[in-house]
Amino acid sequence: MGYFRILAAIPGFFLSSWFLMLLWGVIADRLNLGVTLSYVNAMLVNITLWLAIAPLAAVGSKRGCSG
């Protein structure tokens, strides 16, 4: 069943990368950054965040984090 969960996450990865690229303009303006973010760079940022958060989510789900 883990294989199908990975396949289900693929569209979410591309969609969240697209949202990050679209919202980067607002984030950059608030932080006074004059840097634009292309879709490829948004994918790199997104995969970095996913790799950092995935172990935390796995531990939380194994512990039965019920609140």
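Visitor: Why is N46 called buried?
Guide: In this predicted model, N46 has a relative accessibility of 6%. Buried means under 20%. The value 6% falls under that limit, so N46 counts as buried.

Visitor: Where does N46 lie, and what is N46 in contact with beyond its sequence neighbours?
Guide: N46 lies in helix α2. Leaving aside neighbours within four places in sequence, N46 is in contact with F13, S16, S17 and L20. Contact here means heavy atoms within 4.5 Å.

Visitor: F13 is on that list. Is F13 buried or exposed?
Guide: F13 has 14% relative accessibility. The limit for buried is under 20%, so F13 counts as buried.

Visitor: What makes F13 and F14 an edge-to-face pair?
Guide: A pair of aromatic rings is described by the distance of the centres and the angle of the planes. By the pairing rule, the count is 3 aromatic pairs. For F13 and F14, the centres are 5.2 Å apart and the planes stand at 70 degrees. Rings pair within 6.5 Å, and planes over 60 degrees apart count as edge-to-face. Both values pass, so the pair is edge-to-face.

Visitor: How do you know that F13 and W50 are also edge-to-face?
Guide: Their ring centres are 5.6 Å apart, with 80 degrees between the planes. The cut-offs are within 6.5 Å and over 60 degrees, so F13 and W50 pair edge-to-face. This pair links distant parts of the chain: F13 sits in helix α1 and W50 in helix α2, 37 residues apart. F13, F14 and W50 form one aromatic cluster.

Visitor: Why are F14 and W50 called partly exposed?
Guide: F14 has 38% relative accessibility. W50 has 33%. Partly exposed lies between buried, under 20%, and exposed, over 50%. Both values fall in between, so F14 and W50 count as partly exposed.

Visitor: Why does V35 count as exposed?
Guide: The relative accessibility of V35 is 51%. Exposed means over 50%, so V35 counts as exposed. V35 lies in the loop between α1 (2–30) and α2 (39–63). Beyond neighbours within four places in sequence, V35 is in contact with W24 and A28.

Technical notes: Residues numbered from 1 in each chain as written. Predicted model: local features only at pLDDT ≥ 70, side-chain atom pairs only at ≥ 80, totals over all residues. Heavy atoms only, no water. Helix = DSSP H or I, 4+ residues; strand = E, 2+ residues; numbered from the N terminus. Buried < 20%, exposed > 50% of the residue type's maximum accessible area, 1.4 Å probe, protein only. Phe/Tyr/Trp six-rings, centres within 6.5 Å; stacked < 30°, edge-to-face > 60°.
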